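Here is a structure to walk through together, from the overall fold down to single residues. Please keep the viewer open and follow along.

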Amino acid sequence: MAAVYDIRDVHKHFRKDDQELVALRGAELTVEEGSFLVLLGRSGCGKSTLLNLMAGLTVPTAGTLAYRGRALSGPLNSVGYLTQQDTLMPWRTVLRNVEMPLEIQGIAPRERTAVSRRLIDRVGLSGFERHYPRELSGGMRRRVSLARMLCGNPETLLLDEPFGALDAQLRGDLQQQLLELWTDSGRTVVFVTHDIEEALMLADRIVVLGPLGSIGLDIRIELPRPRDADEIRLHPDYLALYRALTHALKQARP
């Protein structure tokens with residue numbers, strides 16, 4: 001498979017109070033086209049920093065980060081990014097939030113409204129087009145954010161613990177929805193989490209990150225698809241994978 005991302009010996013430093021803080025040191029990663037890659041790691045290991053670099057929001061202090069063979073120096077329309085924080089515009093309705101990527105691209109109002117309505121329906125929010133974010137539950141706002149990310153039809157999706165603040169039932173529902181949107185789409189997904197069960201539910205490859213972005217384990221997940229959260233735990237390979245990931249996370253402690 002072709003490489004969508006090729007990350008080589010990437011370092012990222014920050015300045016704070018006249019001190020230099022090291023977030024990543026020598027990070028290495030290749031992301032294959034069409035794959036669902038989960039970055040699994042403890043808080044502070046550099047997961048979000050690495051994702052921000054992949055989104056083009058920041059640049060490496062040293063090393064090379066290429067997207068489809070070209071050095072990445074800024075955000076791309078072909079890459080969608082869903083952060084941990086709720087970034088919906090509170091003064092815009094659901095419909096107007098979702099259509100924002102197409103509005104920025106200069107797409108005519110009638111076309112962007114039609115596309116947005118289809119996506120709102122796909123995430124199960126038909127009938128809420130005229131509601132404002134304050135009138136929605138946390139799970140509904142996450143659905144709107146997912147629809148907005150997809151509205152620009154990005155070929156690559158970056159998701160930074162997008163469901164972490166939700167209860168177990170909502171998280172499971174949105175995991176299934178994300179898998180349905182990804183399956184057979186040809187899109188590449190990089191998903192950040194600290195939850196082993198979530199990683200095993202979603203991924204076809206899991207990379208366990210240790211301190212400063214070091215790789216503790218890089219493993220293919222051959223569990224059958226489509227995956228059901230309850231049934232997948234009964235698969236004979238599930239427990240061995242869970243133990244391997246738990247061990248890798250313990251070994252990755254600073």
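Let's begin with a term for cover: a residue is buried when its relative accessible area is under 20%, exposed when it is over 50%, and partly exposed in between, using a 1.4 Å probe and protein chains only. This is a predicted model, in which local features need pLDDT of at least 70 and side-chain atom pairs count only at pLDDT 80 or more, while totals for chains, interfaces and linings use all residues. Residues are numbered from 1 along each chain as its sequence is written, and side-chain values use heavy atoms, with hydrogens and water left out.

How many disulfides does the model have? A disulfide is counted here when two cysteine sulfur atoms lie within 2.5 Å, and by that rule the count is zero.

Now step back to the whole protein. Of its 254 residues, 46% count as buried. Its secondary structure comes to nine helices and 10 strands. The radius of gyration is 18 Å, close to the 18 Å that the globule rule gives for 254 residues, so the protein is as compact as a globular protein of that length. That radius is taken over C-alpha atoms, and the rule is 2.2 Å times the number of residues to the power 0.38. Helices (H or I, at least four residues) and strands (E, at least two) are DSSP runs, numbered from the N terminus. The C-alpha trace spans about 50 × 50 × 40 Å along its principal axes. The accessible surface, computed by the Shrake-Rupley method with a 1.4 Å probe, comes to about 12800 Å², and carbon and sulfur atoms account for 49% of that. Taking a contact as heavy atoms within 4.5 Å, 68% of the contacts between residues at least 6 apart in sequence join residues at least 24 apart.

Next come the sheets. Strands of a sheet pair through backbone hydrogen bonds, either parallel or antiparallel. Here two strands pair if DSSP finds at least two bridges between them. Strand β1 (residues 3-16) is joined to β2 by 10 bridges, and Arg 15 stands opposite Glu 20 in β2. These two strands form a hairpin with two residues between them, and Asp 17 in the turn has a positive phi of about 50°.

Which way do the side chains of β8 point? Thr 188, Val 190 and Val 192 point one way, Val 189, Phe 191 and Thr 193 the other way, and all are buried. Five bridges join β8 to β3, and the two run parallel; in this pair Leu 39 stands opposite Val 192. Five bridges also join β7 to β8, again parallel, with Leu 157 opposite Val 189.

In the loop between β10 and α8 (229-232) you will find Pro 226. Is Pro 226 buried or exposed? Pro 226 is exposed, with a relative accessible area of 84%. The C-alpha atoms of Pro 226 and Leu 53 are separated by 31 Å, and the two residues are 173 apart along the chain.
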